[in-house]
Amino acid sequence: PSTREYNFTLSEVQLSPDGVFRTMIAINGRFPGPLIRANTGDRLIINVQNNLPNGTAIHWHGLFQNGTNWMDGTSGITQCPIPPGGRFTYNFTVENQFGTYWYHTHYSTTNGDGPVGPLIIHSPDEVKLQKYYDVDQVVLMQDWYHDYSQALLPDYLASGSENGEPVPDNGLILGTNYFNCSKLGPDSGYVCEQNSTRAALTVEHGKRYRYRLINTGAFATFEFSIDNHPLSIIEADGTATEPLAVHRLEIAVAQRYSVVLTANQSTASNYWMRAQMNTFCFGDDNPLLDADVRALITYTNSTIEPTNSIDWKDALDVECVGLNSSLLTPFFRTEAPPATVFYALAANFQIGDYAIDRAYINGTSWTMSNVPTLNQAVAGLQSSNSTFTTSGVSSAFSANQYVIDVPDIAVVDLLITNYDEGGHPFHLHGHSFWVVATSPDQYFDWSTYSALNTTLPNVMKRDTIMIDAYGWALIRFVADNPGLWALHCHISWHMESGLLMQFQTRNDIMKTWELPADVLGLCAT
Ligand code: C2O
């Protein structure tokens with residue numbers, strides 16, 4: 001194993017990914033951020049300098065952080081934010097996983113402003129997948145706003161704006177897209193240069209391309225396809241899968257899929273790569289938005305727009321849904337043991353005429369804690385405060401920190417029911433989970449549970465799942481990773497309005513922890 005070191009300086013810059021200049025958050029002046037690549041077993045050291053006017057923290061989405069919960073990078077949960085002008089070094093090893101991951105800031109809605117990038121973990125086991133492809137490439141996609149997220153947030157959080165999430169102005173593939181400046185009008189106040197272009201990806205006839213798709217956005221689900229070229233899914237969220245042939249697939253925020261394109265079409269033409277936003281997930285319209293976000297696939301390195309590129313005839317989704325994970329089968333067999341504990345979570349939004357609209361999980365709405373819940377827990381466990389070891393919903397934390405303490409090494413079955421008219425891509429930190437069952441129908445049929453609570457041979461494992469509007473998902477994970485782990489909707493607007501809860505696992509081990517001085521030091525400033 002080797003040690004790989006990166007230096008990240010976060011600062012506000014004026015950039016124009018689609019021609020429209022705006023204040024964004026860049027890493028080392030760039031957007032998207034640099035590619036981090038490592039082998040499983042390696043140590044990653046990332047020195048972060050925060051030159052932003054606000055605090056920040058960087059989360060390594062999908063990495064287990066087993067034994068290093070304090071490197072998980074979640075503000076208010078595993079660390080205090082790195083203060084403006086401050087530095088912090090993330091230092092951890094990557095073990096027992098490989099595949100497509102990413103990183104992003106985990107402080108309010110700032111991840112939508114640009115500080116995102118790919119994190120690819122290789123392994124000798126990857127060789128077994130390489131029979132499916134010749135070339136390995138990352139393709140980031142995300143929704144894009146022409147305004148700073150912190151400027152959009154107050155309106156969204158104001159009373160009466162339920163399902164009034166800011167609707168993106170554009171979408172980006174590989175950090176770029178075309179935008180028609182004239183849509184803005186002369187008095188818009190935006191500076192728009194009519195020079196932005198769509199991304200172009202060159203392919204060589206006869207080769208097979210593994211595109212590692214990552215939705216690094218804030219809100220939108222994309223329906224991804226490539227004209228004239230069927231795709232084969234071979235990975236989802238770091239879990240290699242048996243090849244699944246599709247024309248189109250939905251990629252919710254924070255999800256990753258590897259798809260293989262076989263370059264076997266006529267080289268006389270170019271073709272569109274499409275990342276069409278599922279506008280059924282939006283509560284409003286945005287006249288600026290062209291939801292048909294595109295990039296070019298070219299066999300000849302030309303950037304001429306396709307003339308006879310054919311979109312698939314299969315209909316786009318007419319509902320706010322995700323790809324059904326039960327269609328996927330892990331390439332490397334995994335067996336889910338029966339659950340030993342069961343928890344149910346209900347997610348909804350509550351509106352009051354005079355109240356701020358907030359999102360709730362089991363009646364609680366998360367706000368960032370000034371003292372990270374991890375720090376509270378370690379101190380509480382060490383003082384033998386028994387409220388930190390009551391299994392189930394913990395009474396040790398303040399009301400807006402909904403923490404479930406999982407006893408021993410439990411196998412957790414978690415039923416998440418979505419009582420909202422929007423889909424929610426839920427992400428669990430520190431673990432990947434088996435997708436036991438999902439449904440677009442709000443009511444879980446309890447009579448089916450005993451049949452599900454058995455050893456499940458080779459069901460799909462992932463770390464982010466779309467819970468359809470008014471639907472539910474039953475997921476299972478082995479809670480063996482000590483620490484405080486967030487479970488939240490990855491739509492940044494929703495997380496910020498409270499759609500987040502936490503699991504506390506292995507409090508027996510946490511009790512023996514001494515949090516590193518530099519982690520504790522972040523709370524002292
Ligand atoms: Cu990408 Cu809390 O996570």
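Me: Are Cys281 and Cys320 buried or exposed?

Reply: Burial is judged by relative accessible area, where buried means under 20%, exposed over 50% and partly exposed in between, with a 1.4 Å probe and protein chains only. Here Cys281 is buried, and Cys320 is buried too. Please keep in mind that this is a predicted model, in which local features need pLDDT of at least 70 and side-chain atom pairs count only at pLDDT 80 or more, while totals for chains, interfaces and linings use all residues. Residues are numbered from 1 along each chain as its sequence is written, and side-chain values use heavy atoms, with hydrogens and water left out.

Me: What joins Cys281 to Cys320?

Reply: In general, a disulfide is a covalent bond between the sulfur atoms of two cysteines; the criterion used here is a pair of cysteine sulfur atoms within 2.5 Å. Cys281 and Cys320 are joined in this way, with an S to S distance of 2.1 Å, and the link is right-handed, with 105 degrees about the S-S bond. Because Cys281 lies in the loop between β18 (270-277) and β19 (292-298), and Cys320 in the loop between β19 and β20 (335-336), the pair ties together parts that are 39 residues apart in sequence. Strands such as these are DSSP runs (E, at least two residues), as helices are (H or I, at least four), and both are numbered from the N terminus.

Me: How many disulfides does the structure hold, and how are the cysteines paired?

Reply: There are 3 disulfides, and when the bonded cysteines are numbered in sequence order the pairing reads 1-6, 2-3, 4-5. Another of these bonds joins Cys80 to Cys523, S to S 2.1 Å, and links distant parts of the chain, 443 residues apart, with Cys80 in the loop between β5 (58-61) and β6 (87-93) and Cys523 in the segment after α6 (517-521). Cys80 counts as buried at 5% relative accessibility, whereas Cys523 is partly exposed at 32%. Cys181 and Cys192 also form a disulfide, with their sulfur atoms 1.9 Å apart; the torsion about its S-S bond is about -75 degrees, so this disulfide is left-handed.

Me: Which cysteine is in no disulfide?

Reply: Cys489 is in no disulfide, and the nearest cysteine sulfur, that of Cys320, is 9.9 Å away. Cys489 is buried, with a relative accessible area of 0%.

Me: How should I read the largest pocket, and what is its volume?

Reply: Rolling a probe the size of a water molecule over the atoms shows where empty space is left. On a 1 Å grid over the protein atoms alone, a pocket is an open set of points where a 1.4 Å probe fits, with protein on both sides within 12 Å along at least five of seven lines, and lining residues have an atom within 4 Å of a point. The largest pocket has a volume of about 620 Å³, a volume being the space filled by probe spheres set on the points, which are joined across faces, edges and corners. Its lining has 29 residues, and those closest to its centre are Phe64, Asn96, Gln97, Ser432 and Lys461.

Me: Where does the second largest pocket lie?

Reply: Domain 2 (129-332) and domain 3 (335-521), whose bounds come from an automatic or database domain assignment, both give residues to its lining, so the second largest pocket lies between them. This pocket holds about 200 Å³ of space, and β30 (464-467) gives the most to its lining, with 3 residues.
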